Amino acid sequence: MGVAAGPIRVVVAKPGLDGHDRGAKVIARALRDAGMEVIYTGLHQTPEQIVDTAIQEDADAIGLSILSGAHNTLFAAVIALLKERDAADILVFGGGIIPEADIAPLKEKGVAEIFTPGATTQSIVDWVRANVRQTAEA
């Protein structure tokens, strides 16, 4: 986990019952076009499936996209499973419909960054480049 050589590897995932993945696909494509290796898990993934994929794919980061309102529960579950499976070096960031009031508590739980509607794909790419590789090499 957290390879220091080669392109940044990011798992993009849609946890829970949320059935809308256009934003996740846009982000996955932007990261890919920026030279990163992207593994898109598809819809309706459990936290266990997401963490299993990230470990199996030797990912540097997991990008979670959620619109259903279950972000507090699902993001925390992913973070807890990463710690439990000795993979806490995999950075977790997220985006979607997340109220401003929930962002600080999510960060306290270990989510590295939250992107809300209106964030540009370039700002997300820039953040991943600036933060994920630094964490992977630390």
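Q: In this predicted model, what makes the packing of α3 and α4 roughly parallel?
A: The angle decides. Helices α3 and α4 (residues 100-109) pack at about 10 degrees, with their axes 10 Å apart. Angles under 35 degrees count as roughly parallel, so α3 is roughly parallel to α4.

Q: Which residues of α3 and α4 meet?
A: From α3 come H71, N72, F75, A76, I79 and K83. They meet D102, L106 and K109 of α4. By class, this contact has four nonpolar, two polar and three charged residues.

Q: Why is D86 called exposed?
A: The cut-off for exposed is over 50% relative accessible area. D86 has 67% relative accessibility, so D86 counts as exposed.

Q: Where is D86 found, and what separation is there between its C-alpha atom and that of P99?
A: D86 is in the loop between α3 (71-84) and β4 (91-96). P99 is 13 residues apart from D86 along the chain, and their C-alpha atoms are separated by 30 Å.

Q: How do you know that the span of α1 agrees with its number of residues?
A: Helix α1 (residues 22-33) has 12 residues. At 1.5 Å a residue, they should span 16 Å. The end C-alpha atoms are 16 Å apart, so the two values agree.

Q: Which residues of α1 are buried, and why are they said to line one face?
A: A24, I27, A28, A30 and L31 are buried. Seen down the axis of α1, the buried residues fall within an arc of 165 degrees, so they line one face of the helix. On the other side of α1, R22, R29 and D33 are exposed.

Terms used. Residues are numbered from 1 along each chain as its sequence is written. This is a predicted model: local features need pLDDT of at least 70, side-chain atom pairs count only at pLDDT 80 or more; totals for chains, interfaces and linings use all residues. Side-chain values use heavy atoms; hydrogens and water are left out. Helices (H or I, at least four residues) and strands (E, at least two) are DSSP runs, numbered from the N terminus. The expected span of a helix is 1.5 Å times one less than its number of residues. Buried means under 20% relative accessible area, exposed over 50%, partly exposed in between (1.4 Å probe, protein chains only). The arc is that of the directions from the helix axis to the C-beta atoms. Axes are lines fitted to C-alpha atoms, for helices over the stretch in contact, and angles run from 0 to 180 degrees between N-to-C directions. Angles under 35 degrees count as roughly parallel, over 145 as roughly antiparallel, 65 to 115 as roughly perpendicular and the rest as oblique. Contact means heavy atoms within 4.5 Å. Ala, Val, Leu, Ile, Met, Phe, Trp, Tyr, Cys and Pro count as nonpolar, Asp, Glu, Lys and Arg as charged, and the others, Gly among them, as polar.
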